[in-house]
Amino acid sequence: MPGPESPTTPITVADFKEIARQRLEKPVWDYYNAGADDENTINRNEEIYKKVLLRPQVLRNVANVDTATTIFGKRYDIPIAVAPTAYQKLVSADGEIDVARACRALGTNFILSTNATTTMEDVIEALPSRGGNHPSPWFQLYFLGDRNVTAALIKRAEAAGYEALVLTVDTAVLGNRLPMRKNPFKLPPGLSMENVKSRSAGGVNKARLLLEARTAADAKKVAREHSSALVDASLSWEEVIPWLRSQTEMKIILKGIMTAEDAVRAVEAGVDAIVVSNHGGRQLDGVPSTLEMLPEISDAVKGVIPILFDGGISKGSDVFKTLALGADLCLIGRSALWGLAYDGQAGLESVFHILERELWRTMALMGVDSLAGISRSMLGRARENGFGVSKL
């Protein structure tokens, strides 16, 4: 039996965040923690959970609570996976490999960023074998102006054994992240974007040049001179999904869906899943939180394809609320990075354990023993006019 926890042992994700804030150099902290403009959306992502109330039901048999789920026919021991985040070796020595091994150990999955500091092949090779019907990693794609480079990335990911291609669709241009502009971030010597080295020069992503442009003329000049290395801003529904289908047999997931209208378009386009995401509040400030948009998206999709979700998750009860509003799988980004900053693979595993125990406890106290038993009727919100709680 484990002994009592040390007073310095982090026991919440918030504890991990504070330790990461103290340990990481300011430009690195700003890179990961920053939101766009006034950061209203990143704050809204986190604060919205407090406004959603739980409506517990009692005298249900919760002696055996099961947190497992299934996505694409593969078992996930917990309904929490890791979202794509760039440059993970900035926060732990083995970066993406730490993430991969932690996810495999916990029976879940991760999405490798295009801008990883480890090659996609090395990440796969570092995974310990595990029996059973468990998922293979997914690869996140920034669709570059040089379509040959994009096609080569897709082919490499498929050959390496990635199960799905996650196309980020909310980055036609980079969001206005003020802390990054005030404290410019640069990859330190020895680290690079291993999957697309041609995109970097001296550790600076070409997208940064566009972010730093002070005039429209400067921005047009950067876009013209570096179009092959920037995200292709001309992509459209009519063309991009058929082109991706022509390139790969991997499942295709769109990350960055924020409205019912786009969710319906995604279903009609034949994608395999969507991720409800506002890029962690890093792109367009002033949009709603992802949790607020989830019900209308879930109602529009009607269970035809899986709905993945990210945005501000730091507690097991956040996961419960997200699942109740229609998500099939939750993704953590910053919360995973805080675990890595604390103790690499072991730190991320600790974050997973905290979230799993908090979710398990929430389910038991809410009177459900499986994810299938979680429903929107279990949530409420304080009435705006009058006293009491309205069901969501």
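**Entry 1: the annotated residues**

Before going on, I wrote down the ground rules. This is a predicted model, where local features need pLDDT of at least 70 and side-chain atom pairs count only at pLDDT 80 or more, while totals for chains, interfaces and linings use all residues. Residues are numbered from 1 along each chain as its sequence is written, and side-chain values use heavy atoms, with hydrogens and water left out.

I found Tyr31 in helix α2 (residues 26-33). Helices (H or I, at least four residues) and strands (E, at least two) are DSSP runs, numbered from the N terminus.

Is Tyr31 buried or exposed? Tyr31 is buried, because its relative accessible area is 11%.

Next I listed what Tyr31 touches, not counting residues up to four places away in sequence: Ala86, Tyr87, Met180, Phe185 and Arg282. Contact here means heavy atoms within 4.5 Å.

Arg177 sits in the loop between β7 (164-168) and α7 (178-182). Arg177 has 4% relative accessibility, so Arg177 counts as buried.

**Entry 2: a second set from the record**

The same label, "binding site" in the unreviewed UniProt entry, also covers Pro84, Thr85, Ala86, Ser113, Gln140, Thr168, Lys255, Ser277, Gly333 and Arg334. Of these residues, Thr168 and Ser277 are included in the lining of the second largest pocket.

Ala86 is in the loop between β4 and α4 (96-105), and counts as buried at 9% relative accessibility. Leaving out residues up to four places away in sequence, Ala86 touches Tyr31, Tyr32, Ser113 and Asn115.

Then I turned to Arg334, which lies in helix α14 (residues 334-366). Arg334 is buried, with a relative accessible area of 18%. Its contacts, again not counting residues up to four places away in sequence, are Tyr32, Asn33, Ala34, Ile42, Gly280 and Arg282.

How much space lies in the second largest pocket? I read off about 520 Å³. Of its 25 lining residues, the closest to the centre are Val169, Asp170, Thr171, Gly256 and Asp262. At least two lining residues come from each of β7, α10 (237-247) and β10 (251-257).

A pocket, on a 1 Å grid over the protein atoms alone, is an open set of points where a 1.4 Å probe fits, with protein on both sides within 12 Å along at least five of seven lines; lining residues have an atom within 4 Å of a point. Grid points are joined across faces, edges and corners, and the volume is the space filled by probe spheres set on the points.

**Entry 3: the sheet of 8 strands**

In what order do the strands of the open sheet of 8 strands stand? The order is β4-β13-β12-β11-β10-β7-β6-β5, with parallel pairing. Two strands pair if DSSP finds at least two bridges between them. β4 (80-82) and β5 are at the edges with a single partner strand each, so one side of each is left without a neighbour in the sheet.

I then zoomed in on strand β6 (residues 138-141). Parallel to β6 runs β5 (residues 111-112), joined to it by 2 bridges; Ile111 stands opposite Trp138 and Leu112 opposite Phe139. β6 also pairs with β7 in the parallel sense, over 4 bridges, and there Gln140 stands opposite Val166.

In a regular strand, side chains alternate between the two faces of the sheet. In β6 both faces are covered: Trp138 and Gln140 on one side, and Phe139 and Leu141 on the other, are all buried.

**Entry 4: crossovers**

β5, helix α5 (residues 120-125) and β6 make a right-handed β-α-β unit. β6, helix α6 (residues 147-160) and β7 make a right-handed unit of this kind too. Right-handed means that, with the strands pointing away from the viewer, the path from the first strand over the helix to the second runs clockwise.

Note on methods: Buried means under 20% relative accessible area, exposed over 50%, partly exposed in between (1.4 Å probe, protein chains only). UniProt positions are given in the numbering used here, feature names are shortened, and annotations may be inferred rather than shown by experiment.
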